[in-house]
Amino acid sequence: MDHVLGLKCTICGAEYAVDEVSYVCPKHGDDGILDVVYDYAAIKANFSPMQLAHSPTDTGIWRYKPLLPVAPDSPVPPLRVGWTPLYTAPRLAESLGLKNVWVKDDGINPTASFKDRASALAVVKAREAGAQIVTTASTGNAAAALAGLAASVGLQAVIFVPKTAPPAKIAQHLIYGARVLLVDGTYDDAFELTLKVAKEFGWYNRNTAYNPYMSEGKKTAAYEICEQLTLTPGHSAYQSERRWTVPDRVFVPVGDGCIIGGIHKGFRDLLALGWIDAMPKIMGIQAEGSSALVDAWERGLQGWEMTPQPADTIADSISAGLPRDRNKALAAVRETGGAYLRVSDQEILDAIPVIARNTGVFSEPAAAAAYAGLVKAVEKGLVDPEERIVVLLTGSGLKDIDSAMKTVAQPPIVAPNLGAVRAVMGNG
Ligand SMILES: *Cc1c(COP(=O)(O)O)cnc(C)c1O
Ligand SMILES: [Zn+2]
């Protein structure tokens with residue numbers, strides 16, 4: 001890994017060689033989340049947008065391997081993760097008085113959420129470390145992703161999720177053959193438990209914002225957004241060979257803050273490489289009942305000054321009392337001039353059918369929160385109509401049918417004859 005210079009603590013800035021520490025900064029314990037530092041000059045000398053323009057997309061995130069913290073010859077899992085579609089959403093845009101809105105559908109990943117980007121990295125790093133067993137705490141999706149990616153390479157996964165996780169997610173864990181332990185407690189409890197258990201049993205730990213490599217997997221979405229925007233009609237091939245197009249604003253649903261931190265990292269990489277010439281404003285969207293980062297942002301707190309709060313929202317994937325990746329999550333918004341916004345559970349639910357009917361993409365509540373956040377930002381006058389806006393749809397609606405069904409009426413039951421249908425259609 002010559003292209004990786006080391007790991008830098010997000011609290012004290014201390015730098016470590018990759019084999020010097022296993023997960024976090026020793027001076028700051030479990031809060032000392034590390035950021036991977038790259039040798040951009042070395043990467044740039046051997047890798048370029050022009051090369052990528054000629055590189056196949058069916059390798060998903062691995063087409064960016066020179067920008068990922070894995071050994072060049074490390075085997076990668078066979079499932080296709082990433083290179084998810086970026087759809088233009090003209091009807092959504094128009095309904096909000098905007099010109100350019102795109103949605104990125106990460107629900108089409110192998111286990112139907114954005115978390116596959118991180119779990120793919122986890123599996124590679126676990127195998128590099130020679131681990132036989134990988135574990136994670138999760139609200140559901142990270143574990144489903146780990147279970148699926150681990151199954152694809154024959155690794156054993158052990159999963160710790162709150163017993164209240166949606167049944168579809170637990171079904172995924174079980175079907176992929178993971179050992180599943182339902183924790184009688186919150187996600188935060190499951191997280192603490194996994195830290196102890198992994199140390200005790202010597203398992204490879206994928207925990208978000210503890211394992212420094214998860215943000216690195218997640219950052220690939222930022223690369224894709226820029227590369228895909230560049231491929232949009234209206235841009236010359238010439239431009240695509242040298243520089244990528246950057247959106248003006250990206251809406252990200254936020255729980256632990258690992259996705260938003262990863263997205264920020266991806267754009268920072270591209271800026272450092274000179275592949276883009278500006279940063280987008282990053283907008284973090286939280287549910288009202290789990291909005292510790294909105295509070296911290298409003299009050300000007302640093303991540304290490306935050307304290308645990310109760311978390312309760314229908315959007316289970318963004319329910320986090322003490323967001324684990326809070327340092328990176330606050331930096332993403334502060335350093336790009338974005339904002340943190342809260343949306344209510346009702347606004348989240350309302351967004352699900354609106355997104356689906358205007359784009360064809362069915363989202364789980366946490367993903368729909370990103371769009372509810374765009375609606376809120378427009379209401380607050382934070383968005384210019386000309387801006388290029390990307391909304392990250394992070395997970396499939398099939399993950400949580402109970403929530404989706406709250407937003408629609410039960411269909412009528414009809415007798416199997418024409419008259420009954422006429423009566424229901426109101427033209428009998
Ligand atoms: C995990 C998750 C999020 C939030 O990601 P964080 O890194 O916890 O902020 C958003 N949407 C979905 C569907 C998720 O699974
Ligand atoms: Zn430190």
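## Close-up views of a predicted model

**View 1. A157 sits within strand β7, which covers residues 156–162.** Welcome to the first stop in this predicted model. A157 has a relative accessible area of 2%, so this alanine is buried. Setting aside residues up to four places away in sequence, A157 touches V134, L146, A147, A150, A178 and R179.

**View 2. S74 belongs to the loop that runs between α2 (49–53) and β4 (86–88).** Of interest here is the pairing of S74 with E128: they are 54 residues apart in sequence, yet their C-alpha atoms are 7.2 Å apart in space.

**View 3. A112 shows a positive phi of about 75° although this residue is not a glycine.** To find the spot, follow the loop between β5 (100–105) and α4 (116–128), where A112 has its place. The relative accessible area of A112 is 18%, and buried means under 20%, so A112 is buried.

**View 4. A209 is another non-glycine residue with a positive phi, here of about 60°.** A209 counts as buried, at 3% relative accessibility.

**View 5. Helix α14 (residues 345–359) meets helix α15 (residues 365–379), with axes that come within 8 Å.** In general, the angle between the axes and the distance between them describe two packed helices. At what angle do the axes of α14 and α15 cross? The crossing angle is roughly 95°, and α14 and α15 are therefore roughly perpendicular to each other. On the α14 side, the contact is made by E347, I348, A351, I352, V354 and I355. Facing them from α15 are P365, A368, A369, Y371, A372 and K376. By class, this contact of α14 with α15 has ten nonpolar residues, two charged residues and no polar ones.

**View 6. Stepping back, the whole protein has 17 helices and 13 strands.** The radius of gyration of the protein is 21 Å, close to the 22 Å that the globule rule gives for 428 residues, so the protein is as compact as a globular protein of that length. Taken along the principal axes, a box of roughly 75 × 55 × 45 Å is filled by the C-alpha atoms. Among the 428 residues, 58% count as buried. Looking at contacts between residues at least 6 apart in sequence, 69% join residues at least 24 apart. The accessible surface of the protein amounts to about 16900 Å², and 54% of that surface belongs to carbon and sulfur atoms.

How values were computed. Residues are numbered from 1 along each chain as its sequence is written. Chains are lettered from A and ligands numbered from 1 in the order in which they are written. This is a predicted model: local features need pLDDT of at least 70, side-chain atom pairs count only at pLDDT 80 or more; totals for chains, interfaces and linings use all residues. Side-chain values use heavy atoms; hydrogens and water are left out. Axes are lines fitted to C-alpha atoms, for helices over the stretch in contact, and angles run from 0 to 180 degrees between N-to-C directions. Helices (H or I, at least four residues) and strands (E, at least two) are DSSP runs, numbered from the N terminus. Angles under 35 degrees count as roughly parallel, over 145 as roughly antiparallel, 65 to 115 as roughly perpendicular and the rest as oblique. Contact means heavy atoms within 4.5 Å. Ala, Val, Leu, Ile, Met, Phe, Trp, Tyr, Cys and Pro count as nonpolar, Asp, Glu, Lys and Arg as charged, and the others, Gly among them, as polar. The radius of gyration is taken over C-alpha atoms; the globule rule is 2.2 Å times the number of residues to the power 0.38. Buried means under 20% relative accessible area, exposed over 50%, partly exposed in between (1.4 Å probe, protein chains only). Accessible areas come from the Shrake-Rupley method with a 1.4 Å probe; for residues, only the protein chains shown count as cover.
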